[in-house]
Amino acid sequence: MILACQNISKSFGDVEILKSVNFHIEERDKLAIVGVNGAGKTTLLRIILGEEEPDTGVVVRARDIRVGYLSQHQDISFDNTVYQEMEQAKAYLIDMERRLRELETEMKHAEGEELEKILETYNRLSTRYDHENGYAYESELNGVLKGLGFAESDYDRDINSLSGGQKMRIALGRLLLSRPDVILLDEPTNHLDMNSITWLEGFLAGYPGAVIVVSHDRYFIDRVSNQILEIEHGRSTLYRGNYSFYREQHEKKRQDEMKAYLNQQAEIAHEEDVIRKLKQFNREKSIKRAESREKMLERIDRIEKPEELRADMRLTLTPVTESGEDVLFAEHLAKAYGENKLFEELGLDIKRGEHVALIGGNGTGKTTLLKILARKLAKDTGTVTLGAKVRMGYFDQENQDLDPEKTLFEEMSDAFPEMTNTRIRNTLAAFLFTGDKVFQKIGDLSGGERGRVSLAKLMLSPANLLLLDEPTNHLDIPSKEILEDAIRDYTGTVLYVSHDRYFINQTATRILELRNKVLTNYPGNYDDYELNREKLYQLQNEENPYADTTQSVTKQGFSIVSTEAYAKQNGGSGKEEYLARKEAYAAERKRASDRRKLEKRIAEAEQELEEIDRQMNLPENGTNVSLLTELTTRQQELEEQLLGWYEEMDGLETAETSE
């Protein structure tokens, strides 16, 4: 054990944030702390670091343990260059190296006993320098800088000329290079692009020390962690596994808790009913028995009802009108800012019902492309065409169309006057606005909060094409899950920019990557993208002058793939091969859509059958012939429908298996 928290409690005023939190970590453990916004995650990190005192409990550290910390908000202003600042993490090695050179010079002019002393010092220092990996520190420093997205041309830049996000990356890199025994990270992926996050995952997974991380990036903590500490209502629960394991076990635990609660409630109701009947007899013995049972009932350790995500906080997105099959078509798009050419000859073709994620490194032009498609920004060349009956909704965190003088509730109710107050409040609650917060003025909200209000408005709009720029920013995990469910079940079309790989994995049916000034198409979700990333990129971009391979420019994004390149890779006719793949993908998308609809129908029918069974078994309905006849008729109808749907599902599964 190198670090442990024992019975940590902390209150701010009357609010108890942490209640008897307990856990410990070993030398190579990777622990992720999860919980809703305001659960106390950052407070716990500050207590571990010693910046905050707990009301009760202690933090125990092994002797000589060094702890490094990266907070969400750092006031970074250095006078060094990028490379010089990173060197500060290895200053002790640079000092050792300088001292070794001095000793080498001294040895040239020493002899006898003096020389022996210098040699002894030199050998001792040289051994330590070698043990600390001093001979490879420059290579390590370069690896961290490049992993965090800095090119060699950035090394001599003054840190004060960097953006806030770049400064945070410098702080992260310096922390990683200092190699503490325990690394504490608070939202480390906020300022990283996907390539840098992937590099950081590999670095932390293989790090010889312990890591404690607070993050809303579920894909990241799934890859890095081997333990999850959940903080819920102030109390902690430790799960020994990654995020996927935690989600599975957490759901099972919640179901078990609800089952135990319902069983106890049934027992209590039964006892109360028996007590009431005993008292009704109004006899001495029956009254004594009733009193005895009441005392037993009072001694029961009552189970608190588990808090569940309310069903009415789920978002249901339903387009008012259905668009045509062709939703959004663009070709020959180009955009440059001065000498900085973001892209040229880009094209894309998006069909009804597709959920397309647009990804790429920082600065590649993703947001610019989305703004051009939304007609919020002028293009240099090219055309953008919307299909029949397309109604577009656009979410842009930088330019929210909100009235700063209105309250949140007024903003929503004025935009949707036909909507009930309950639905408006439930939608706002899904985006973390509850209680009196809904009566706060828009002008008093932070930038992230205004972004959430805009997203809530868009979710209620009648649009059938949604263009979203980083929709999950500023959302905690439960709110992300609400949004994921809404997008996944949405029958309209979605094109979004996101760095949230877990969100992409849950919602995307296709991915477009903007890399080296061209678009590459990847059918499937993020896992599919990772599996086929380089193969499909090379296939679709042969002889691309901007790529670091000899790939060709894809003139129409995904819609005109290089069939010659495909033929070279796979043999035979490239055009026929490509068309066959495209047709197979369209069939696969249709099957997936049919399967989702069938699964929903089956689940609803099975749920209704369970309710019918319950109604038929109620004692008070036993003599109600009319009701029982009605229930039996409906039961037979549902069972016949289910048989047909089960056969359809078997057919879909057989088709999937045969391919």
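**Entry 1: the model**

I am working from a predicted model.

**Entry 2: helix 5 and helix 7**

I began with two helices that pack together. Two packed helices are described by the angle between their axes and by how far apart the axes lie. Helix 5 covers residues 137-147, and helix 7 covers residues 194-205. I looked up their angle and found about 135°. Their axes are 9 Å apart. Helix 5 and helix 7 are therefore oblique to each other.

Which residues of helix 5 and helix 7 meet? From helix 5, I noted Gly143, Val144 and Gly147. From helix 7, I noted Ser196, Trp199 and Phe203. I then sorted this contact by class: three residues are nonpolar, three are polar and none is charged.

**Entry 3: helix 5 and helix 6**

Helix 5 also packs with helix 6, which spans residues 164-178. Here I found an angle of about 145°, with the axes 10 Å apart. I looked up the handedness too, and this crossing is right-handed.

Helix 5 brings Glu140, Leu141, Val144 and Leu145 to the contact. Helix 6 brings Ile170, Gly173 and Leu177. By class, I have five nonpolar residues, one polar and one charged. I marked Val144 in both of my lists: it meets helix 7, and it is part of the contact with helix 6.

**Entry 4: helix 12 and helix 13**

Next I moved along the chain. Helix 12 runs over residues 408-415, and helix 13 over residues 421-430. They pack at about 125°, with axes 10 Å apart. That angle makes helix 12 oblique to helix 13. Helix 12 passes helix 13 in a right-handed crossing.

On the helix 12 side, I listed Leu408, Phe409, Met412 and Ser413. On the helix 13 side, I listed Asn421, Ile424, Arg425, Thr427 and Leu428. The classes here are five nonpolar, three polar and one charged.

**Entry 5: a cavity**

Last, I looked for empty space inside. Rolling a probe the size of a water molecule over the atoms shows where such space is left. How many cavities of 30 Å³ or more does the structure hold? I found one. The largest cavity has about 30 Å³ of space.

I wrote down its lining: Leu317, Thr318, Pro319, Leu458, Met459, Ser461, Ala463, Leu466 and Tyr490. Seven of these lining residues are nonpolar, two are polar and none is charged.

Methods: Residues are numbered from 1 along each chain as its sequence is written. This is a predicted model: local features need pLDDT of at least 70, side-chain atom pairs count only at pLDDT 80 or more; totals for chains, interfaces and linings use all residues. Side-chain values use heavy atoms; hydrogens and water are left out. Axes are lines fitted to C-alpha atoms, for helices over the stretch in contact, and angles run from 0 to 180 degrees between N-to-C directions. Helices (H or I, at least four residues) and strands (E, at least two) are DSSP runs, numbered from the N terminus. Angles under 35 degrees count as roughly parallel, over 145 as roughly antiparallel, 65 to 115 as roughly perpendicular and the rest as oblique. A crossing is left-handed if the near helix is turned anticlockwise from the far one by less than a right angle, and right-handed if clockwise. Contact means heavy atoms within 4.5 Å. Ala, Val, Leu, Ile, Met, Phe, Trp, Tyr, Cys and Pro count as nonpolar, Asp, Glu, Lys and Arg as charged, and the others, Gly among them, as polar. On a 1 Å grid over the protein atoms alone, a cavity is a set of points where a 1.4 Å probe fits but cannot get out, and a pocket is an open set with protein on both sides within 12 Å along at least five of seven lines; lining residues have an atom within 4 Å of a point. Grid points are joined across faces, edges and corners, and a volume is the space filled by probe spheres set on the points.
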